[in-house]
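Work through the following exercises with the coordinates open. Each task is followed by a solution in steps.

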Amino acid sequence: MKILLLLLLATTGRALIPKEVKLFVGEVGRVELDAGAEVEVAGGGELPSWMALDKDALLVLPGRDDVGKHLIQVTTKGKEAVIEFRVSEEYQNPCGETDSFWIEAIYEGSEGIAEMVEAAETIHQHAEIDLAKIRVYDPVYGKFVRNVTKIDMEEEGEAESYAKPFHVVVPGGCVEGSELDQDVPPETLEVMSRLIEMLDEIKAADVAVFRGRVRTRKERNGGQDIISTFDFSTGAPEEAFEALETTTTPVKTTTRRNIRTTTARNSADSAPAKMASLSSMQCKRGHLCTLTIPAKLFVDKEDGETNKLKLQIHAIAGQANWIKAENMQISAVPLEVGEFEMRLEARDKSNQMVSAPFIVSVQPSAIANHHFYFIMDRPQGERLLTQPHQLVGFVKQLASAFPGSSTENVTIERLEKDGEGRAVIYWSNTTLNAEKTCPVDDLEAMKLVMATKKQNKPKTDFTRAMSAQYMIRRIGLDLLGGCKKQTIDTDTSSPSVDKPSRESGFGWLALAAALALLLLLVAIALCCCLSKKPKKEKPSEFVSKGLPVVFPEEVADESDTAAANTPMLVKEERPPLKISHHENPLYKPPGEYTKSFQPRNSTPGHAGTPVQKLPPPYVVP
């Protein structure tokens, strides 16, 4: 049976180096070494942060980010030995389906792994508690893995106000039944009393009792089943289950058997191992920054090196949607200044996982004197807003649209949503920001390369260069800082700037065009009025200076004009020579025309005045 304390000494006096060590997150381990032994990560590299050398011993205290398999090489007098550390998380409640009690010694802060391991070992020695049952958690992780309630009346979370607090957690028994107001078991009170009496010896700030249960895999993953992501090959050692048992229940036995069976089924495929450490990533706000992933950072016996594993980045705190691992490279365009803790996770084909922590340090960038802004098409804009890591591809595409440019010339100032819900990207040209005087002409020329002059729409060539993945609807330019002030004071201090003169010329041109249009409208209106004036009618050829009209039937046949077919004008009117025999005996033909007779209401000799024809006076035949 393996001894979890890892105080492994051979009978010859030389330290016996174990080939494999299995630990839970928060479990303390110590591996004794020979004097002068050298310890490093297999393949070269410094020890991870959860390991430390203490004289002739290797102290280990894994955290949540250290789940997986790790290979450590020990060299003693020219002889090399490799220790395989397997770290997994606990999912089994010590008391099965009933609540458990824990006694926690609260410490103000720590200076490193050695201090936390010493605190756990001190409690083990003075309180006579098995070291295999003790866990060392930070307050955040302690609440993450357990759903607990503080029993005493003091305000919870007092220790979290310290700089680097940690809790040494000791199991304290089980709840009998499900009553919430049940008294604390005697064995729990006894352990708590011993720890309170030895506060000075164990150097703790306080001691408290908590009641609750260990969270299941599903609860820790926000309600989702994460059995497929759990590293069964690095499951809990069997000795740990036996050591943690304070009450034997059928439920606990069944759970343990299931884990053993699953471990045996996946034991043929070993989990990937971390062979080196990942360096920190130095960035500037708004700039594209990258970090190359070493080929031998992770090694899997069956799948191969890092490029054969599935890589993904997770944030230890905050979000990681702005950073991505792809093609053996970590890339990002950070928009906030600060230090961000991340971990690179690698999984093999069996979904077994190992991770490597790293830090992204983002420094401020230079202050911009201008902003170009792109109003993006709605589908592409929504992807940028929800997946900011796509700014990496946007910066590369934008730099390639300008021949001879590089990604270092592009600074993303901010990414936001406008009033219509569209994504707007503000960016600046780094080389133009560095100039002492405001390069207004260069900025205007650069804008004209991208957009039309009047409507500010992207030109066809620029749209083609940006590709369909980044469709732009409108392009604009904002002058800031010194450029904005210089533009305002152009008339007095900067007459050489062309932008105000262009604006003035455009105003005069618009005024002249308006006047020309007004004159054209006036001319068109006059033409329309003249065209509507009524034409003067030509007087009838049958009316001439009041002369009577004689029709052909009124002319005698023997007359020279008897053949006429049209009415004729004569100086005096005469009765017709042809006398028609009318059937009416009362009919009498008219008498002779008298020259002195003038029609009523007429003016003799007045040209153009129509003459009213009156019947002649009656003359007896």
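**Exercise 1.** In which strand is the place of Ser100? Describe its surroundings in this predicted model.

*Solution.* 
Step 1. Ser100 belongs to strand S8, which covers residues 100-107.
Step 2. The relative accessible area of Ser100 is 1%. Buried means under 20%, so Ser100 is buried.
Step 3. List the contacts, leaving out residues up to four places away in sequence: Ser100 touches Asn93, Pro94, Cys95, Gly173, Phe210, Arg211 and Gly212.
Step 4. Look for polar contacts of the side chain. One is made with the side chain of Asn93, at 3.4 Å.

**Exercise 2.** Cys95 is among the residues that Ser100 touches. Find the disulfide partner of Cys95 and describe the link.

*Solution.* 
Step 1. The sulfur atoms of Cys95 and Cys174 are 1.8 Å apart, and the two residues form a disulfide.
Step 2. The pair links distant parts of the chain, 79 residues apart. Cys95 sits in the loop between strand S7 (79-88) and S8, while Cys174 is in strand S11 (residues 166-174).
Step 3. The angle about the S-S bond is -85 degrees, and the link is left-handed.
Step 4. Cys95 and Cys174 are both buried.

**Exercise 3.** How many disulfides does the structure hold? Describe those of Cys283 and Cys438.

*Solution.* 
Step 1. The structure holds three disulfides.
Step 2. Cys283 is bonded to Cys289, with 2.1 Å between the sulfur atoms. This link is right-handed, with 80 degrees about the S-S bond. Cys283 is buried at 5% relative accessible area, and Cys289 is buried at 7%.
Step 3. Cys438 is joined to Cys483, S to S 1.8 Å. The torsion about their S-S bond is about 110 degrees, so this disulfide is right-handed.
Step 4. Cys438 lies in the loop between helix H10 (430-433) and helix H11 (440-450), and Cys483 lies in helix H13 (residues 481-488), so the pair ties together parts 45 residues apart in sequence.
Step 5. Relative accessibility is 12% for Cys438, which counts as buried, and 1% for Cys483, which also counts as buried.
Step 6. Counting bonded cysteines along the chain gives the pattern 1-2, 3-4, 5-6.

Key: Residues are numbered from 1 along each chain as its sequence is written. This is a predicted model: local features need pLDDT of at least 70, side-chain atom pairs count only at pLDDT 80 or more; totals for chains, interfaces and linings use all residues. Side-chain values use heavy atoms; hydrogens and water are left out. Helices (H or I, at least four residues) and strands (E, at least two) are DSSP runs, numbered from the N terminus. Buried means under 20% relative accessible area, exposed over 50%, partly exposed in between (1.4 Å probe, protein chains only). A polar contact is a pair of N or O atoms within 3.5 Å; within protein, one must be able to donate a hydrogen and the other to accept it, and residues adjacent in sequence count only if both atoms are side-chain atoms. Contact means heavy atoms within 4.5 Å. A disulfide is a pair of cysteine sulfur atoms within 2.5 Å.
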